[in-house]
Amino acid sequence: MPWWLGRGCGRVVPTSAQQGEGTLYQSHRSLFGEELWTLLLRLAPERPRETRSLLLRQGDPATHVLALCSGSAAVTRRDERGQRTLLAVRGEGELLGELSFLDGGARSATVIAAEPCTVHTVPAADFESFINRHNLLHALARHAVGRIRESEEIRQELATAPVPVRLAAALLRLADASKQPLGLPVGIRLTQEELAQIIGASRNSVVQSLTPWRTEGWVRTATNGGLVLHDVERLRRVVEAG
């Protein structure tokens, strides 16, 4: 099993080599603590964002950082050939866009809402003042290194994987980030076309991958065009076998 698929639908679980690195794999909310996280949220009002909303665009300047308070978001990157790859799925209690803040460069990835979200858009200058005032820069930088490592591991694992494996892995990560109760059917709000885009595949190949899973009853199509996962264990086995 890839190290980034652990307990539940797809939760990141550090390997033995990564244990002991503390801040690298926890959420930003856990990293900062409840008091500081609450203070950060007070820097900007809460805004609702609908499924499929563009939260950050690859190549844009780093004018702000997003604090994700509910929902989940898919992080993808397009390479020079136009191929898009899923790097991560982030859930509540996470910052989005902090890497560009740290290195001063343009956005390195595109982030879209995988389900309805609430976010706080914190201007870069206010975020910088907050980080400096509370001496969080070192911890944030270490955390960012861990997240880069995680994304690279996922990208390398899936770069040569067949579409069914990439799709199953994406569905598992989306399911986990949605925080829906374990053991119950899990709704995935993204359409087949959108799933194809975030894993760098054609819609036809996604449809072909889903067909036997539907026949077996692992997934079904939702009325809104998304999917409902009825057997995440079977999807995890697809990833393990891939």
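User: What span is expected for α6 at 1.5 Å a residue, and what does the model show?
Analyst: This is a predicted model. In it, α6 has 15 residues. At 1.5 Å a residue the expected span is 21 Å, and the distance from the first C-alpha of α6 to the last is close to that, at 21 Å.

User: How many of the 15 residues of α6 are buried?
Analyst: A residue counts as buried when its relative accessible area is under 20%. By that cut-off α6 is largely enclosed by the rest of the structure, because the number of its 15 residues that are buried is 14.

User: Which residue with a positive phi follows α6?
Analyst: The helix α6 covers residues 163-177. The residue in question comes after α6 and has a phi near 65 degrees; it is K179.

User: Which element gives the most residues to the largest nonpolar core?
Analyst: The largest nonpolar core has 35 residues, and L171, I198, W213, L229 and L235 touch the most other members. Elements that each supply at least two residues of this core include β5, α7 (192-198), α8 (203-216) and α9 (232-241). With eleven residues, the element that gives the most to this core is α6.

User: How many residues are in the other core that lies apart from it?
Analyst: Apart from the largest nonpolar core lies another core, with C69, L95, F101 and F127 among its members. Its number of residues is 18.

User: Which tryptophans are in contact with L235, leaving aside neighbours within four places in sequence?
Analyst: L235 is one of the residues that touch the most other members of the largest nonpolar core. Its contacts beyond four places in sequence include A168, L171, L172, V219 and L229.

User: Is the ring pair of W213 and W218 stacked or edge-to-face?
Analyst: W213 is buried at 5% relative accessibility, and W218 is buried at 15%. The ring centres of W213 and W218 lie 6.3 Å apart. Planes under 30 degrees apart count as stacked. The planes of W213 and W218 are at 25 degrees, so the pair is stacked.

User: Which residues do ring pairs link into a cluster?
Analyst: The whole structure has four aromatic pairs. One of them joins F32 and W37, with centres 6.4 Å apart and planes at 50 degrees, and is tilted. Both F32 and W37 are buried. The cluster linked by ring pairs consists of F32, W37 and F130.

User: How far apart in space are L140 and E98, C-alpha to C-alpha?
Analyst: L140 is in helix α5 (residues 137-159) and is buried, with a relative accessible area of 0%. Beyond four places in sequence, its contacts include H28, F32, L95, F127 and also E98. L140 and E98 are 42 residues apart in sequence, and their C-alpha to C-alpha distance is 8.5 Å.

User: Is R90 buried or exposed?
Analyst: R90 is in strand β5 (residues 84-90). Leaving aside neighbours within four places in sequence, its contacts include L68, V75, R147, E150 and A177. The relative accessible area of R90 is 11%, and because buried means under 20%, R90 is buried.

User: What percentage of the residues in the chain are buried?
Analyst: The chain has nine helices and eleven strands. It exposes about 11,300 Å², of which carbon and sulfur atoms supply 49%. Of the 242 residues in the chain, the buried percentage is 50%.

How values were computed
Residues are numbered from 1 along each chain as its sequence is written. This is a predicted model: local features need pLDDT of at least 70, side-chain atom pairs count only at pLDDT 80 or more; totals for chains, interfaces and linings use all residues. Side-chain values use heavy atoms; hydrogens and water are left out. Helices (H or I, at least four residues) and strands (E, at least two) are DSSP runs, numbered from the N terminus. Buried means under 20% relative accessible area, exposed over 50%, partly exposed in between (1.4 Å probe, protein chains only). Contact means heavy atoms within 4.5 Å. Rings of Phe, Tyr and Trp (its six-membered ring) pair if their centres lie within 6.5 Å; planes under 30 degrees apart count as stacked, over 60 as edge-to-face and the rest as tilted. Accessible areas come from the Shrake-Rupley method with a 1.4 Å probe; for residues, only the protein chains shown count as cover. A nonpolar core is a set of buried Ala, Val, Leu, Ile, Met, Phe, Trp, Tyr and Cys residues joined through side-chain atoms within 4.5 Å. The expected span of a helix is 1.5 Å times one less than its number of residues.
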